[in-house]
Amino acid sequence: MIPPQFDYHAPGSLEEALALLGELDDAKVMSGGQSLLPMLKLRLASPANIVDISRIPGLDSITETASFLRIGALVTETALEESEVVAERYPILLDTARVIADPLVRNRATICGNVAHGDPANDHPATMMALRAQMVATGPDGERVIGVDDFFHGLFMTALEPGEILTEIRIPTPGSAGGGAGGNGLRSAGEQSGGAYIKLERKVGDYAVAGAAVQLTLDDSGKVARAGVGLTNLGMAPIRATVAEEVLTGARLVARGGFRGAIDKMRDAITRAPDADEIINAAAQAAADATDPVADRRGSVEYKRNMARVLTARATARALTRAHTPAGG
Amino acid sequence: MSDAKPRTSAKICGMGHSMKRKEDPRFLQGKGNYIDDITLPGMLWLDIVRSPIAYGKIVNIDASKALEIDGVLAVLTGKDLEAYNLHWMPTLMSDTQMVLPTDTVMYQSQEVAGVIATSRYAAADGVAAVEVEYEPMKPVIDPFQALEDDAPVLRTDKEGQEDNRIWHWEAGDKEATDKIFAEADVVVREKMHVPRIHVASIETCGCVADFNPVEGHLTVYMTTQAPHAIRTVLALVAGHVGLSEEKIRVVSPDIGGGFGGKVPVYPGYVVAIAASVVLGKPVKWIEDRMENLQADSFARDYHMDAEVAADASGKIRALRIKTLADHGYSDAQAAPSKFPAGLFSICTGSYNMENAYAEVDAVYTNKPPGGVAYRCSFRVTEAVHCLERVVDTLAHKVGKDPATLREENFIPKEAFPYHSPLGWEYDSGDYQAAMDKAKEMIGYDDLRREQAEKRARGELMGIGVCSFTEVLGAGPSKDFDILGIKMFDSAEVRVHPTGKAIARFGTKSQGQGHETTYAQIIAEELGLPAAHVQVEEGDTDTAPYGLGTYASRSTPTAGAAGAMAARKIRDKAAKIAAHLLEVSEEDLEWEPGTFSVKGAPDKSVSIQDCAFAAYTNLPEGMEPGMEATNYYDPPNLTFPFGTYICVVDIDRGTGEVSVRRFVAVDDCGNIINPMIVQGQIHGGLTQGLGPALFEEIPYDEDGNNLAGSFMDYLVPTAVETPAWETGHTVTPSPHHPLGAKGVGESATVGAPPAIANAVVDALAHLGVTHMEIPIRPDRVWEILAAKGVAK
Ligand SMILES: Cc1cc2nc3c(=O)[nH]c(=O)nc-3n(C[C@H](O)[C@H](O)[C@H](O)COP(=O)(O)OP(=O)(O)OC[C@H]3O[C@@H](n4cnc5c(N)ncnc54)[C@H](O)[C@@H]3O)c2cc1C
């Protein structure tokens, strides 16, 4: 439980950090340290140099522009949880942050670190897939933007090059209701969107047995215009369940009569279309089929596949309800 | 049966007052003094190289790279210890265990070598740099396979050991029991495993060994629940290297949880002591979490095959249990010597039956040694789980409500003292009263109606009942000893001239609140305010000899000793009071804190007046001072009991079990501090919830520990823990001086079967009669899927 020796560097600016990464041999970026430090303490990683970016000013903001919610490299889970814009308009992000580890870890852990770590057991990657997020990598030659679909390459492997820092995550802004939209960041009038992340864990603070992130955008006729489905800890990399998305896209899940008519007094009960359950179940099954889990202490392959199904169905239902709740959330 | 009003005022704060814990100000301010807070001048660090494999030969240990690291001073191996004949040590069960191996490793994470360095960091780097070459062998992991004819004999070091059996133990009349089974209307049977778990106390184990080469004196600051016994063991095993008992001092400072896991001696302690003796400097050793979980003594691991014979109406006639106990590499339990299977023969529990027979076979496997009594009076947890589960199976089989079936089989309250078929004399009990209270608190009948409605809708809800009987307070000297030392305990009370007191005990609190409850006992008996009684434990140089704190024995033994010592002082005080009031002793009346003259209540002296007089104004011929000691040898054990009722809901999609409600009604006799008792029950219930739903240390076939860190060893947090609802009845112990019984462990014992019974109850209509603990969601889901009810 004591890390091997390393040299510690704490650059004061992004330029300095990038320069250090260029100069030093065997250097690792550290932001919150909540994945890296455990690996060091278990002596599973032994980089010669650690470049701690956590003191660099200006990287800790959450801002919403017309097209994107922009999450800086040093935004912590706690900051995400406390953000008003996130609570109002991106409840799926709040769902995700809340089920990560415990408050002590969340006070330090960053969203960018969570994604950059490339661990399929981490929760944010699935959500970022459902939201069609974009990763902004800054290297010696400047910025480049990587779509989430191209970002995760395998267990602890991402599109980031050595010497690059993930400086920002961009999430396309939502339709008129809560939840990010997915798509190109542009939206047509009358769209509504909602999303939800549901994680099954053995106890609080545990990594997911399985997790499902679903983001739905409905057009003004109530049909699903776009759907995003991401899955946690069900394969060697985070999974985007494209077939499930296809099943949902174009489907009418809400009873005719417009949104208002469909909203029940009860927040969680909307009037679904007669075949909505069937469609949701088909999508959930498609999500399960996209998984490739391994048996471990969290359960058998069969169990995990089924949990992908159950959680996708539940997350879809919740996303749908949220898309219909005018205040979002 | 009702709660008596406290006899003492709030100022005196004797029994029955919820006095705030005297130890808490220091704990809450982070001012406790734990092992790792102790730093001595010139102190060195020990860190331990551990085996990655479960079984194999050590071909070579190369320490040269470690010794090149700045700050690394020495690497100790089994061969080094062999030179002093310190490479083996006895366990408390008279088995043997390696300190460090000379040629073979027997379990994963076994201690292989000790690295001594000038800092914790250098020691850790040294450990990583020691190169050990192993020749792996095929380990024996499954205890059933361990007993097969072709299983390799693991303990080839033990002369005459021809197989992997450690011992066979049995209790009861086999023939008579078999006869009842042969003729019984109904027989039910369940096979079950109470799996290997770990106490996982917040503070891991550690010590600072400080050998003074000039004086030949050894002080060991150590995380131990039994400092006196440890000192004696050290004197016995290290006498040949010059350590004798008067030159050994064991100090047990504040302890961050023991739960039975800090009774044994672990190799790390011995290596630290050896290193300090060899180097003549203080040496500190502190385990990390993974070492603690992977190598220190486990608990439970009993495979039980239980049968109940009954008549057609469900009246229990007999119980038969066959058990396989997996002890790992060595029998390193900490049970009383004459009880290799602990107090497992309490397995007839709260029920009146004609006969019973229980047997246990213990085996060696390639797993860490142990079998400690985790918050449990020596195997009571296993016994209660087994009985309470199989009694539910009987209820379902004869179609009776499990609460009703229990009530119909309870030992009636008139039957106490009750002689159980397996030889115990239960001191007192009123099981129906606890059951009635629990049912009323939870609204039992309404819950059954709700369950029926939910079942009709396809929802899964279950109600589990457990009516346990505990056995604790080991114990009477005729039966109970550890390595020959009788299991009495002790108190030494000294009242100072100003009427304040110090009381020292042979036990050692690890969070139980002794500094408060013992002070309250003295307050009760002497009428001195508890706030004026300073309690000390844990230093063998100052505390009277005792066997320590585990198995809920502190109140039954040392607590009783405290009361008896206080009574001796009160007797002396009475003589002094008579002298001061110039009356004869017979003319005095005592009410806590004051002697007054019968019929003239304004003529009185306080206990403080008597204390002052004991030093200043004595009656002729009386020995000065005000001090008494008592070594208390209990006449019997005590038998607390209770009924727990649990309500669970099961998620048909995920298999998750949520404990919606849990009512615990305990009867621990007279209560010293109600708040502390409640705290003990809350903690105990949570430590019962853990093994019921979360905790387990499984091994793969190569002997790899699959839950060796808190990533996979799932200790419940506040989030998983339901809001416990507690209640109590009071049935005093007739033989304990205070009528108290002990309570530290009842809840850990009673909670797992209540929870398991609730889950099985939720699934009973599907034909489910048993589920193994921990009841993980994936296990539940597999049943739901098999029965076609998974959503
Ligand atoms: C007890 C515990 C429980 C946890 N449970 C969960 C959980 O349930 N779900 C979950 O999702 N996570 C969990 N985590 C992980 C936690 O969320 C991590 O903090 C997160 O995965 C990494 O974020 P970080 O800022 O701490 O990154 P660090 O630990 O600092 O870095 C992690 C990796 O990413 C790289 N990196 C970090 N930031 C950047 C960057 N800006 N650019 C490029 N590379 C970078 C580092 O080089 C390193 O390889 C848990 C952690 C702990 C300690």
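In this predicted model, D489(B) and R553(B) are joined by a salt bridge whose closest N and O atoms are 2.7 Å apart. D489(B) belongs to strand β25 (residues 489–495) of chain B, while R553(B) sits in the loop between β27 (533–537) and α15 (554–581) of chain B, so the bridge ties together parts that are 64 residues apart in sequence. D489(B) is buried, with a relative accessible area of 0%. R553(B) also counts as buried, at 0% relative accessibility.

With 12% relative accessibility, S552(B) counts as buried.

**Charged pairs**

Side chains of opposite charge can pair when their charged atoms come close. Over all chains, a search of the whole structure finds 72 salt bridges. Here are some examples from chain B.

| Pair | Closest N and O atoms |
|---|---|
| D489(B) and R553(B) | 2.7 Å |
| E307(B) and R320(B) | 3.0 Å |

D36(B) is partly exposed, with a relative accessible area of 34%, and R120(B) is partly exposed at 28%.

Next come E307(B) and R320(B), which form a salt bridge. E307(B) is buried, with a relative accessible area of 15%.

Salt bridges can also be followed from one chain to the other: R297(A), E696(B), R776(B), D778(B) and R779(B) are linked in a network.

**A lysine without a partner**

Which side chain of opposite charge is nearest to K203(A)? It is E720(B), 5.6 Å away. A salt bridge needs the charged atoms within 4 Å, so K203(A), although buried, has none. You can find K203(A) in the loop between β11 (192–200) and β12 (210–218) of chain A. Its side chain does reach the backbone oxygen of V715(B), at 2.4 Å. Among the residues that K203(A) touches are F694(B), L714(B) and T717(B).

**Around the ligand**

Of the 29 residues around the ligand, V29(A), G33(A), Q34(A), T110(A) and D123(A) come nearest. An oxygen atom of the ligand lies 2.7 Å from a backbone N or O atom of G33(A). Another residue to look at is T110(A), where an N or O atom in the side chain is 2.7 Å from an oxygen atom of the ligand. The ligand taken alone exposes 940 Å², and the protein buries 91% of that. Elements giving two or more residues to the shell around the ligand are β2 (27–30), α7 (111–116) and β10 (165–172) of chain A.

**Backbone details**

The peptide bond joining A474(B) and G475(B) is cis, with omega about -25°. G475(B) is in the loop between β22 (460–469) and β23 (481–482) of chain B. A cis bond also runs from I773(B) to P774(B), with omega near -5°.

Methods: Residues are numbered from 1 along each chain as its sequence is written. Chains are lettered from A and ligands numbered from 1 in the order in which they are written. This is a predicted model: local features need pLDDT of at least 70, side-chain atom pairs count only at pLDDT 80 or more; totals for chains, interfaces and linings use all residues. Side-chain values use heavy atoms; hydrogens and water are left out. Helices (H or I, at least four residues) and strands (E, at least two) are DSSP runs, numbered from the N terminus. Buried means under 20% relative accessible area, exposed over 50%, partly exposed in between (1.4 Å probe, protein chains only). Lys and Arg count as positive and Asp and Glu as negative; His and the chain ends are not counted. A polar contact is a pair of N or O atoms within 3.5 Å; within protein, one must be able to donate a hydrogen and the other to accept it, and residues adjacent in sequence count only if both atoms are side-chain atoms. Contact means heavy atoms within 4.5 Å. A residue is near a molecule or strand if one of its heavy atoms lies within 4 Å of it. Accessible areas come from the Shrake-Rupley method with a 1.4 Å probe; for residues, only the protein chains shown count as cover. Lists of a residue's contacts leave out its neighbours within four places in sequence.
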